[in-house]
Amino acid sequence: MQKQIFKTLIFLLFSSILTGQKVTISGYVEDASSGEKLIGCNIYHSASQSGTVSNTYGFYSITLEKADSILLTISYIGYKSQSVTVQGKTSQNYNIKMSGEAIFDEVEIVATKEKKIETESQMSTIDVPILQIKKIPALLGETDVLKALQLLPGVQSGGEGQSGLYVRGGSPDQNLILLDGVPVYNVNHLFGFFSVFNADAIKDVTLIKGGFPARYGGRLSSVLEINLKEGHQQKIHGDVSIGLVGSKLTLEGPIKKGKTSFLVSGRRTYIDLLAKPFIKRSFKSENSEGDTGYYFYDLNAKVNHIFSQRDRIYLSVYGGNDKFYFKQKDSYSNIKDYTDNYLGWGNLTGAMRWNHVINDKLFMNTTLTYSKYKLNTEISLGTEYEDKSIDFISLGYLSGIRDYAAKLDFDYVPSPNHFIRFGTNVILHEFNPGQFNLEQISTINNTNFKQSLGQPIKNATELALYAEDDYEITKKFKVNAGLHLSGFSVDDAFYTSLQPRVSMRYLLPHNIGLKASFATMRQYINLLSFEGIGLPTDLWLPTTARIQPQESWQAAIGAAKNFASDYEISIEAYYKKMKNLIAYKDGSGIFELTDWQDRITQGNGEAYGLEFFLQKKTGKLSGWIGYTLAWNNRQFQDLNEGKTFPFKYDRRHDISLVTIYELSKGINLSGTWVYGTGNAVTLAKSSYGVQETYGTVNDPYTYVNTIEQYGDRNSYRMRPYHRLDIGINFIKNKKNRTRTWSFGAYNAYSNKNPFFVYFSHDYYYDKKVLKQVSLFPIIPYITYSLKF
Amino acid sequence: MNFTFKLSIAAIILIFSLTSCEDFFETTLELDPPPFEKTLVVDCVSNIMADTIQMRISQNQGILEDKPNYALDISDADVYLNVNGMELKAATISSLDRNDNRNNYRVVLPSKLKSGDNVQIKVTHKDFNEAGAAMEILPTSDILSAVFSENGGLDRDGNKKSKVSVTFNDPKGKNFYAIKISVPNYDDISDYTYITSVDPSAYESYDYETLLLSDEGFDGEKKVIDFLIDPLYYDNDKGKIKLNWYHISEDYFKFSRSLRAYKNTEDNPFGSPVPVISNINGGVGIFAIHNLQIVDVE
């Protein structure tokens with residue numbers, strides 16, 4: 001192993017000598033008008049039939065045989081492709097500016113066959129088209145990246161309206177969600193009905209479901225990489241949108257033209273503000289004073305500065321919070337009672353990234369990040385008496401996670417056949433598994449009591465080292481192979497894991513890309529959560545000496561092809577085995593003072609299935625059809641008597657249809673239709689009586705308690721879920737601005753989709769019945785937005 | 001364009017109107033309940049100090065049925081207890097004789113049961129499949145001492161407690177115990193007290209007067225365990241404390257824990273339902289006869 005690393009270093013140091021007969025063209029690819037860096041842009045040299053792509057920061061490097069001149073063809077989706085001729089005698093920097101009024105006039109763009117799916121060695125990856133996502137209808141008009149991802153094959157939603165992603169049989173905590181390279185721990189607002197990502201600030205979204213490249217680690221099921229816009233380099237631009245539940249404002253522009261730019265984007269809901277007068281009146285009608293409400297907000301800010309062709313720096317911050325509050329003050333004959341309760345939760349993340357071009361083939365990115373998720377709730381009750389004496393009691397609960405991390409990543413492109421990445425990272429985790437704070441003050445009894453109960457904060461360190469090469473062995477055969485070495489230190493335990501990753505592509509006749517991949521993953525942090533709802537009480541907890549790290553391996557095989565210029569089709573089969581998954585033991589709850597390790601149990605999981613994806617990316621009619629046939633099972637020694645049972649989100653069939661139709665230059669219509677097999681739940685089949693004995697030693701009595709008898713865990717299927725969303729956007733371009741009116745409806749045919757089922761007593765007919773609760777009927781929306 | 005715009009506004013208004021007309025958020029489903037099989041319910045829990053073994057024989061009912069428990073009692077079943085190969089037929093207990101006892105069958109034992117006895121229960125009825133279970137009476141535990149201390153420290157909730165420290169030798173292999181402690185109450189009547197322990201081997205039972213113990217962490221070892229109880233009402237009651245030490249089967253341990261867990265999640269909308277463990281073949285319920293020792297606490 002050490003020899004291999006040494007050889008690689010030697011190779012890197014002397015690479016320029018080894019490639020003495022060659023020249024390297026390198027630089028950045030950016031949008032001509034905004035200066036926004038373009039990720040994954042294709043740079044192709046037709047003479048040698050070789051090419052490369054720009055990396056996450058828009059940097060590219062291509063090494064070719066010396067020539068008088070070199071003709072490169074550059075293409076990127078939504079932009080006009082262009083051919084440039086550069087001198088080919090010496091290596092040089094060449095920045096590429098791509099033009100095309102892609103945002104406002106997509107129909108006219110000449111789409112080129114860039115980043116052909118069949119040529120990529122990577123499989124199970126989807127570059128999410130953010131422009132398309134913005135056009136599709138959304139719940140209450142709030143464009144939501146995570147919900148749009150649920151429309152892709154292999155990705156499932158949880159309950160009605162939830163943002164959680166269940167990727168290839170995994171659970172939401174097994175997704176590594178990176179916002180500008182920083183892990184975001186809680187992606188939910190309002191119990192998961194909205195995600196924390198503001199689509200107006202997002203530049204690019206990539207989802208990896210399998211065949212994970214070695215540079216990623218720490219989660220079992222997926223990697224979702226979300227990059228924020230960098231800010232327009234030339235002039236100030238803005239985007240305002242006003243919706244039914246909230247409004248958004250995004251501003252971007254240069255601080256110093258061509259050198260420094262910024263982006264600020266904010267979003268806040270305002271139902272609490274609109275309802276305030278009514279709520280106050282309601283309290284008043286009960287001779288009381290008070291206020292109650294709920295809101296959430298997000299704020300993204302980013303600054304980037306270009307020091308030179310070689311050095312750039314990015315600073316980005318995200319802050320978001322949810323808050324429920326309830327305050328009430330009552331007065332009765334000189335006694336005042338007051339209540340002040342709140343429940344708040346939110347994330348704060350920050351990242352500083354330094355891009356440095358070491359030489360024309362070697363690119364370095366250094367990242368320092370901070371990420372915090374905190375849940376804070378407090379209930380306070382007080383009484384103030386006539387003589388000013390007081391009784392006061394307050395109970396608070398605090399939990400969360402905080403990370404400090406440093407990352408060093410290198411991209412090395414020695415030749416068009418190789419794209420080598422290597423790097424390392426370290427994360428310092430600080431887990432707060434939940435602390436109760438009790439405070440009691442009474443001037444009557446002269447009491448001042450404070451006590452903290454709960455479990456101590458736990459620190460852990462996670463390390464990783466990786467190397468991978470995307471190697472085009474022949475024109476037909478390409479491999480991405482790598483190793484990810486990870487370590488985790490907590491208390492006296494230290495875990496290590498070497499995870500091999502490989503994905504490959506073989507080009508069959510008719511340009512059909514045959515692909516296969518294998519990846520092992522390990523996850524050292526766990527989310528203790530009740531299945532189904534993104535509750536803020538969900539706890540992030542570390543692997544410990546008792547709780548083993550979660551592990552998985554996944555193998556996939558598939559085929560992909562582009563055809564008829566703008567269609568893309570892929571079919572993939574996968575098998576995933578998971579180990580040491582965690583779940584609550586039967587009967588355990590959230591707000592318990594016992595050690596959380598006593599409340600959980602570990603078991604195994606297995607998921608397999610087939611995914612079909614047909615996408616049309618451009619043109620008047622665009623969209624996709626996704627279908628997943630899947631099986632997803634769990635086996636825990638402590639659950640279901642040790643027998644295998646289906647995971648709650650074991651969904652045999654999952655279909656999504658997404659269409660966007662450009663009716664005219666200013667009007668587009670959109671619709672999505674989803675269908676999914678009903679969730680698996682545990683439902684009682686019968687009931688019987690069990691005797692319980694109480695009473696004193698000499699006088700016992702027996703009570704017969706009725707208990708419900710369940711079938712196997714998750715053996716009952718709820719009704720299938722299906723829903724149609726429709727939308728229409730009216731776009732009008734005026735001088736220097738574009739306004740859009742969006743109308744639509746979520747669940748347009750108002751299907752009563754199951755959220756949960758329960759047994760109840762119908763008093764009218766005096767009988768026991770099975771009831772289903774459906775959350776959202778048809779929900780119309782209207783949104784106004786203005787870009788300037 | 002203007003026309004389209006107006007049309008859209010009209011559509012939105014129509015949609016809002018539709019929304020306001022419906023009771024959307026809860027729907028009573030016209031669904032059949034999950035299928036179930038009618039089975040016998042056998043509920044027989046006793047100990048070796050008993051002269052008679054009593055049991056309740058009943059049936060289960062579909063989840064949408066709502067009959068009271070007494071209506072599920074079965075009085076015409078054939079119930080047999082087999083002790084070391086000797087079959088004893090149970091007699092029915094009339095409802096008048098039951099008092100506060102719900103058992104509807106009993107077997108009078110020729111002699112009390114003892115460690116190592118093999119006991120089987122078998123229930124037959126023309127309308128149901130045969131139901132039954134078998135077990136061996138577990139050995140008496142080697143309790144070395146049981147000592148009371150007034151100052152037992154604080155329990156997990158921060159309440160002041162007294163304690164009973166028990167030292168015993170745990171035999172090799174899987175062993176499970178249930179503990180009850182009786183103390184005189186304020187009327188000087190011997191009553192089972194609320195009992196807890198901070199020992200990781202201790203688990204809650206379905207009632208708060210019993211604590212369960214698993215020897216997983218101390219298999220085959222000498223073990224000292226503290227049981228926390230409420231402080232005594234009167235100082236001179238110290239000599240009246242009794243330790244009820246049950247050597248229980250694994251089945252009963254699992255049953256009792258699952259019943260506790262079932263109760264914990266009964267009203268929890270986010271908890272996964274907990275099945276109550278049964279050890280009855282061909283039916284449901286529990287069959288358990290514990291080895292019991294009653295020890296005076298010093």
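In which order do the strands of the open sheet of 4 strands in chain B stand? The order is 11-12-18-15, and the pairing is antiparallel, where two strands count as paired if DSSP finds at least two bridges between them. Strands (E, at least two residues) and helices (H or I, at least four) are DSSP runs numbered from the N terminus.

This is a predicted model, in which local features need pLDDT of at least 70 and side-chain atom pairs count only at pLDDT 80 or more, while totals for chains, interfaces and linings use all residues. Residues are numbered from 1 along each chain as its sequence is written, and chains are lettered from A in the order in which they are written.

Strands 11 (142–149) and 15 (195–196) of chain B are at the edges of this sheet, each with a single partner strand, so one side of each has no neighbour in the sheet. Strand 15 is joined to the antiparallel strand 18 (residues 222–229) of chain B by 2 bridges, and B:Ile195 has B:Ile229 in strand 18 as its bridge partner.

Chain B as a whole contains 2 helices and 20 strands, and 37% of its 298 residues count as buried, meaning that 20 or more other C-beta atoms, placed from the backbone, lie within 10 Å of a residue's own.

A nonpolar core is a set of buried Ala, Val, Leu, Ile, Met, Phe, Trp, Tyr and Cys residues joined through C-beta atoms within 7 Å.

| Nonpolar core | Size | Residues, among them |
|---|---|---|
| Largest | 80 residues | A:Val145, A:Leu149, A:Ile202 |
| Another, apart from it | 70 residues | B:Val183, B:Leu259, B:Ile280 |

Conventions. A residue is buried if 20 or more other C-beta atoms lie within 10 Å of its own, exposed if 12 or fewer, and partly exposed in between; C-beta atoms are placed from the backbone.
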